[in-house]
Amino acid sequence: MTSTRPEKSQLYYPKMPANWWLRKRNYLLFMLRELSSVFIALFLAVFLVQIYRLGEGAEYYAAYMRTFSSPGWILFHLVALAFALLHSVTWFQSSAVVLQLRLGEQEVPRSVVMGLHLVVWLVASVVILWIFIVY
Amino acid sequence: MNEGKTCEPFWWGLFSAGGVVAAIFIPIHILITGMAVPLGWLAESSAVYQHAWVKLYLFVLVSLPLFHWAHRFYFTLKDMGLKVIDKPLAFLCYGSAVVGTIIAAWLLLRV
């Protein structure tokens with residue numbers, strides 16, 4: 001490559017302290033948003049164990065689901081739900097910025113795009129609830 | 001690999017798709033299996049898991065958000081100063097998502 005980009009050793013790399021994200025509220029919110037993916041992944045790992053139990057048989061599955069009624073598991077799922085909701089809201093917000101919808105000459109306001117996302121989310125949740133509970 | 005070209009767009013695509021799937025579908029699943037069923041608000045029908053379309057849906061529900069996690073976790077750890085172990089970190093994060101995807105496929109097929 002024949003560019004004028006300097007050698008890597010000459011580039012400026014700012015040194016950041018490890019706790020930079022505790023300094024401002026926005027940085028903390030950013031970090032919590034990133035952390036949401038960890039709790040979603042943890043939930044999915046637990047969900048995979050649930051599917052494993054299901055493969056063992058109905059009795060094993062029922063026994064496994066009973067352990068979820070303990071306070072510790074309820075707390076885990078509450079925290080996971082809080083992070084999942086944080087992810088949903090922040091994801092829809094950033095989508096509303098990225099997706100620039102147009103109606104003729106007019107650009108659709110971000111609040112409307114955000115609202116559409118919320119409607120899709122609500123409808124999808126009701127459909128999933130119906131499939132897994134009522135079906 | 002050509003200089004200047006990376007496979008990052010591929011991983012970013014999985015991250016983005018996983019973000020959408022997680023945002024729309026994960027909260028209701030946490031609510032159902034983590035709270036509504038254990039607390040006795042609702043009774044789940046486990047027969048639904050036998051259905052081929054449901055299995056395919058659950059495969060996507062597990063796999064894509066795992067890649068979403070891998071991407072976010074990797075870049076967050078880099079932001080927190082773990083740049084020195086860049087390559088092993090990438091391998092560990094994306095590798096975990098690949099392993100999780102294979103496990104999900106295996107578990108769903110044996111239900």
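View 1. For chain B the mean pLDDT is 89, and 96% of its residues reach 70 or more, while the model scores ipTM 0.90 and pTM 0.86. This is a predicted model, in which local features need pLDDT of at least 70 and side-chain atom pairs count only at pLDDT 80 or more, whereas totals for chains, interfaces and linings use all residues. Residues are numbered from 1 along each chain as its sequence is written, and chains are lettered from A and ligands numbered from 1 in the order in which they are written.

**View 2. The contact between chain A and chain B.** Counting residues as in contact if their C-beta atoms, placed from the backbone, lie within 7 Å, the contact takes 43 residues from chain A and 41 residues from chain B. On the chain A side, two or more residues come from each of helix 1 (25–56), helix 2 (58–67), helix 3 (71–98) and helix 4 (110–134), and helix 1 of chain A gives the most, with 14 residues.

**View 3. Helix 1 of chain B and its bend.** Helix 1 of chain B (residues 8–36) bends by about 45° at B:F25, with a proline, B:P27, following within four residues; the bend is the angle between axes fitted to the seven residues ending there and the seven starting there.

**View 4. Helix 2 of chain B against helix 3 of chain B.** The axes of helix 2 (residues 52–79) and helix 3 (residues 86–110) of chain B come within 9 Å and cross at roughly 170°, the axes being lines fitted to C-alpha atoms over the stretch in contact, with angles from 0 to 180 degrees between N-to-C directions. These two helices of chain B are therefore roughly antiparallel, a term for angles over 145 degrees. Just after helix 2 of chain B, B:G81 takes a positive phi of about 110°.

Technical notes
Angles under 35 degrees count as roughly parallel, over 145 as roughly antiparallel, 65 to 115 as roughly perpendicular and the rest as oblique. Two residues are in contact if their C-beta atoms, placed from the backbone, lie within 7 Å. pLDDT is the predictor's confidence in each residue, from 0 to 100.
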